[in-house]
Amino acid sequence: MSVAAQPALPVAVLVSGRGSNMVAIARACARGAINARIVRVIADRADAAGIDKARELGLEARVIAAKQFPDRAGFEAALQSEIEASGARLVVLAGFMRILSGEFVARHAGAMLNIHPSLLPKFTGLHTHERAIAAGEARHGASVHFVTGELDGGPLLRQARVPVLPGDTPPSLSARVQVAEHIIYPEVIGWIAAGRLVAREGLPWLDGRPLRQPVVTDEETHP
Ligand code: GRF
């Protein structure tokens, strides 16, 4: 008896900049490492380099320029329509530099992820690499979390730690963190696509158990 393969999880990726995480996710989909497919890449600004990269990869990419809307509600309505039109069942924020309203976030509860370049709850917000170096941290890293109304505050799912090395600058540390991001973000999407990770009553469950702490690994080997 053959078992029908599960259809790939349709994912919308929202970007504002470079889009290197989007590319890592697209590659993981393309090589079959995760059972997902990017059905839309959406940028909130026309000059987001991620849009060109998405098109080069043959992905459906759209710009919904926030500045063309009189207010956030108008922008979010257009964003919501595009997500619905794409058929996405998971929304992935990948360097999306815009704070979404509580209403928008609630609509995607348990189905929207973010990646943040720090070991949350340390260093929410911007300039995380500068702040980690200034604080004399021995380790820094990246966190994947479900998005809630609290900025960088949703349930943590996965973290990768990297060392802060003597002589590190924000760019050198950022490059090390990004290598780790490109591993853990596709991985978490893969968990969701495989039905291993779900949100129930605001709490993540992984493999049938409540996930009270993120899954953490050390990525010591990267540059
Ligand atoms: C990443 O460092 C991510 O953690 C943060 O924004 C950056 C996006 O990088 N949220 P990219 O656009 O995916 O290259």
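Predicted model: local features only at pLDDT ≥ 70, side-chain atom pairs only at ≥ 80, totals over all residues.

User: What is the distance from an oxygen atom of the ligand to the side chain of Glu181?
Analyst: An N or O atom in the side chain of Glu181 is 2.5 Å from a ligand oxygen. The side chain of Arg18 also has an N or O atom 3.0 Å from an oxygen of the ligand. With Pro117 it is the backbone that takes part: one of its N or O atoms lies 3.4 Å from a ligand oxygen.

User: Nice. How much of the ligand's accessible area does the protein cover?
Analyst: On its own the ligand has 370 Å² of accessible area, and the protein covers 87% of that.

User: And which pocket is the space taken by the ligand?
Analyst: That space is the largest pocket.

User: New topic: what is the order of the strands in the open sheet of 3 strands?
Analyst: The order is S8-S9-S10, and the pairing is antiparallel. Strand S8 (197–200) and strand S10 (209–210) are the edge strands, each pairing on one side only.

User: How many bridges do S8 and S9 pair over?
Analyst: S8 pairs with strand S9 (residues 203–206) over 4 bridges, in the antiparallel sense. If you want a spot to look at, find Val198, which stands opposite Trp205 in S9.

User: What holds strands of a sheet together in general?
Analyst: Strands pair through backbone hydrogen bonds, and they can run parallel or antiparallel.

User: One last thing: is the peptide bond from Leu120 to Pro121 cis or trans?
Analyst: The Leu120 to Pro121 bond is cis, with omega near 10°. Pro121 is in the loop between S5 and helix H5 (128–134).

User: What about the phi of Phe123, positive or negative?
Analyst: Phe123 has a positive phi of about 55°, although it is not a glycine. Phe123 also lies in the loop between S5 and H5. As background, most residues other than glycine have a negative phi, and most peptide bonds are trans.

Note on methods: Residues numbered from 1 in each chain as written. Heavy atoms only, no water. Polar contact = N/O pair within 3.5 Å; in protein donor to acceptor, adjacent residues only side chain to side chain. Areas by Shrake-Rupley, 256 points an atom, 1.4 Å probe, with all protein chains shown as cover. 1 Å grid on protein atoms, 1.4 Å probe; cavity = no way out; pocket = protein on both sides within 12 Å on 5 of 7 lines; lining within 4 Å. Sits in = over half its atoms within 2 Å of the grid points. Pairing = 2+ DSSP bridges. Helix = DSSP H or I, 4+ residues; strand = E, 2+ residues; numbered from the N terminus.
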